[in-house]
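Biologist: I am new to reading protein models, and I would like to learn about the spaces inside one. Could you walk me through it?

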Amino acid sequence: GDCGSKAANAYREYAARMSPPIPNLPQPETRLPNPYWSPVVHRLTPYVPGEQPKLDKLVKLNTNENPYGPSPRVLEAIQAELSDALRLYPDPSAGRLKQAIADYYNVMPAQVFVGNGSDEVLAHVFQALFQHPMPLLFPDITYSFYPVYCGLYGIGFATVPLAEDFTLRVADYLRPNGGIIFANPNAPTGCLLPLADLEWLLERNRDSVVVVDEAYIDFGGETAIALVDRYPNLLVTQTLSKSRSLAGLRVGLAVGHPELIEALERIKNSFNSYPLDRLAIAGAVAAFEDREHFERTRQAVIANRATLVAALAALGFEVLPSAANFVFARHPQRDAAALAAALRERHVIVRHFRQPRIEQFLRIT
């Protein structure tokens with residue numbers, strides 16, 4: 001009744017005072033606010049992950065999972081951890097895993113951060129390194145979690161349009177900023193930024209952090225980890241979900257200057273001191289140690305990508321150059337949404353983004 005309306009109006013005014021609009025962030029919903037929610041909840045537009053349908057005989061090409069299983073050594077390591085020791089907390093610093101990553105990339109353990117999937121690592125990055133007065137910069141077409149994190153942490157941002165061919169132009173980022181982040185290879189396009197272009201940007205943007213999200217780097221690019229010793233403002237994030245076939249284990253990492261890592265550790269230890277469990281640490285260490293399995297399956301994905309690109313081209317598709325474990329393709333005479341629906345009828349699931357500039361593309365694992 002009238003009393004309820006007055007209460008709702010009063011809460012709207014309170015929410016507006018406590019959580020004022022921030023440029024480029026999603027604004028509060030028009031629905032009546034729930035008085036039990038914190039003000040920030042009303043303005044959040046959560047990330048929507050790729051569909052995980054439960055269909056028989058499904059050909060699942062929508063979430064970029066690796067078709068090849070993890071290393072047998074990973075499974076053995078996890079099995080060995082299934083003991084009475086599970087009653088004990090894991091190592092809060094995941095020292096064994098940090099050492100394995102440091103050995104693999106020839107850096108110091110103090111330059112390594114690990115978390116529960118790269119999404120958690122990125123969440124800490126946004127909170128620890130991007131909460132500044134100037135806007136965060138990222139491409140207009142990229143990983144759609146970036147604006148979600150900005151909404152969660154109240155970070156103003158500006159999107160930078162990709163070129164007409166969907167490549168990233170580093171010169172467009174030479175403007176005042178509170179940080180820069182982009183995926184390389186980019187998602188969902190698959191396009192790769194050469195390491196020389198990244199270094200050009202780092203040379204000219206020394207006053208804020210540049211984060212390179214390398215979820216797909218192992219399928220055709222050169223990691224920027226080689227540059228972290230020369231650029232204290234560079235942070236590189238990676239995941240074991242794609243090239244190491246461990247999407248179900250949830251392990252991510254970051255490599256950068258020790259002071260950047262310290263900032264992430266301070267956030268992590270104010271949020272969750274034990275993000276990686278004993279099974280995840282053991283499995284991830286084994287994944288980095290089995291280089292032969294990693295290289296064999298990585299090359300198999302690259303070879304299959306070339307076969308898929310050629311087959312799509314023969315069907316009349318235009319396919320962007322991809323350095324990832326997916327391709328981004330459109331057909332000049334076929335509507336992408338209709339193609340996705342027709343494929344679904346045949347139990348083939350691909351990813352379609354209803355987003356300006358890319359609504360006629362399909363992302364195919």
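Modeller: Gladly, and let us start with the largest cavity, which has a volume of about 60 Å³. This is a predicted model, in which local features need pLDDT of at least 70 and side-chain atom pairs count only at pLDDT 80 or more, while totals for chains, interfaces and linings use all residues. Residues are numbered from 1 along each chain as its sequence is written, and side-chain values use heavy atoms, with hydrogens and water left out.

Biologist: What is a cavity, and how many of 30 Å³ or more are there?

Modeller: Rolling a probe the size of a water molecule over the atoms shows where empty space is left. On a 1 Å grid over the protein atoms alone, a cavity is a set of points where a 1.4 Å probe fits but cannot get out; a pocket is an open set with protein on both sides within 12 Å along at least five of seven lines; and lining residues have an atom within 4 Å of a point. Points are joined across faces, edges and corners, and a volume is the space filled by probe spheres set on the points. The count here is 2 cavities of 30 Å³ or more.

Biologist: Which residues line the largest cavity?

Modeller: Among them are Pro70, Val74, Arg244, Asp290, His293 and Phe294. Helix H10 (residues 291-314) supplies the largest share of this lining, 3 residues. Helices (H or I, at least four residues) and strands (E, at least two) are DSSP runs, numbered from the N terminus. By class, the lining has 5 nonpolar, 4 polar and 2 charged residues. Here Ala, Val, Leu, Ile, Met, Phe, Trp, Tyr, Cys and Pro count as nonpolar, Asp, Glu, Lys and Arg as charged, and the others, Gly among them, as polar.

Biologist: What is the volume of the second largest cavity?

Modeller: About 30 Å³. Its lining includes Asp91, Lys98, Val114 and Lys268, and divides into 5 nonpolar, 1 polar and 3 charged residues.

Biologist: And what about the largest pocket, how is it lined?

Modeller: The largest pocket has a volume of about 630 Å³. Of its 30 lining residues, Tyr47, Thr63, Tyr143, Tyr216 and Lys242 are the closest to its centre. Helix H5 (residues 118-129) gives the most to this lining, with 3 residues. The classes are 11 nonpolar, 12 polar and 7 charged.

Biologist: Now the overall build, please. How many helices and strands are there?

Modeller: The protein has 11 helices and 12 strands. For 365 residues, a compact globule would have a radius of gyration near 21 Å, and the 22 Å of this protein agrees. That radius is taken over C-alpha atoms, and the globule rule is 2.2 Å times the number of residues to the power 0.38. Buried residues make up 49% of the 365, where buried means under 20% relative accessible area, exposed over 50%, and partly exposed in between (1.4 Å probe, protein chains only).

Biologist: How do I read the burial of a helix?

Modeller: An α-helix has 3.6 residues a turn, so residues three or four places apart point the same way. In helix H4 (residues 95-105), the buried residues include Leu97, Ile101, Tyr104 and Tyr105. The buried residues of H4 pack against several elements, among them strand S7 (234-239), helix H8 (258-268) and H10, with contact meaning heavy atoms within 4.5 Å. Following H4 comes Asn106, whose phi is positive, near 60°.

Biologist: What should I look for in the backbone?

Modeller: Most residues other than glycine have a negative phi, and most peptide bonds are trans. Asn64, which is not a glycine, has a positive phi of about 60°. Asn64 sits in the loop between strand S1 (59-61) and helix H3 (72-80) and is buried, with a relative accessible area of 1%. Arg357 also has a positive phi, near 80°, and at 30% relative accessibility Arg357 counts as partly exposed.

Biologist: Where are cis peptide bonds found?

Modeller: One runs from Asn184 to Pro185, with omega near -5°. Another joins Ala187 and Pro188, with omega about 10°. Pro185 lies in the loop between strand S5 (180-183) and helix H7 (195-204), and Pro188 is found in the loop between S5 and H7 as well.
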